[in-house]
Amino acid sequence: MIILDYRDKRPIYEQVVEKLERLIVGGGLEANTKMPSVRALALELAVNPNTIQRAYAQLEQDGYLYTVSGRGSFVAHESEWRNAKEKQLTEKLKGVVEEAKEAGMSQEQILNVVAEVYQLSEETAEANKNLRSFKKAQELKLTDEKNTSASQILEENDVKGEETVHD
């Protein structure tokens with residue numbers, strides 16, 4: 001699900017790109033999944049279709065989507081976008097490391113910060129995984145309870161039906 005922040009200073013298409021990237025990288029959208037049409041997603045998000053078209057074009061350029069003429073846009077295989085994402089992140093990281101060096105941080109300090117951030121990221125990912133498992137278990141429990149209730153109602157109706165026949 002995509003939620004846009006209209007107070008964000010970034011253009012809407014960049015927010016759409018970011019949200020869809022996260023869905024793809026996080027596994028929420030699997031390879032070869034058909035994307036909603038430009039018009040359908042624009043209606044859902046209440047934005048101009050040109051905004052979605054621009055976002056899809058950016059995602060295609062970055063290797064996250066591919067287009068089949070007359071059929072629409074689809075999620076690309078991980079191998080298609082993984083290398084591009086690694087290059088993009090490496091460039092960002094280089095910039096941050098240069099900035100940290102210019103600010104007087106030592107290599108050891110920089111590596112400690114990276115290790116800390118990485119560890120927090122691992123813990124957050126594990127917590128999110130546990131939360132998803134918990135939610136899925138709750139949904140299954142609710143579904144099971146509804147099925148049990150439905151079964152009980154059916155059984156009660158069967159018993160009442162039998163009583164009526166015997167009377």
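**View 1. Salt bridges across the model.** Seven salt bridges are counted here, each defined as a side-chain nitrogen of Lys or Arg within 4 Å of a carboxyl oxygen of Asp or Glu. Side chains of opposite charge can pair when their charged atoms come close. Please keep in mind that this is a predicted model, where local features need pLDDT of at least 70, side-chain atom pairs count only at pLDDT 80 or more, and totals for chains, interfaces and linings use all residues. Residues are numbered from 1 along each chain as its sequence is written, and side-chain values use heavy atoms, with hydrogens and water left out.

**View 2. E18 with R10 and R22.** E18 pairs with R10 in a salt bridge, with 2.7 Å from N to O. E18 also meets R22 in a salt bridge, here with 2.8 Å from N to O. R22 and E18 lie about one helical turn from each other because they are four residues apart in helix α1 (residues 12-25); helices are DSSP runs of H or I with at least four residues, numbered from the N terminus. R10 is partly exposed at 32% relative accessibility, while R22 is exposed at 58% (buried is under 20% relative accessible area, exposed over 50%, partly exposed in between, with a 1.4 Å probe and protein chains only).

**View 3. E21 and K85, a link between helices.** The closest N and O atoms of the E21–K85 salt bridge are 3.0 Å apart. This pair links distant parts of the chain, with E21 in helix α1 and K85 in helix α4 (residues 78-102), 64 residues apart. Both residues, E21 and K85, are buried.

Technical notes
Helices (H or I, at least four residues) and strands (E, at least two) are DSSP runs, numbered from the N terminus.
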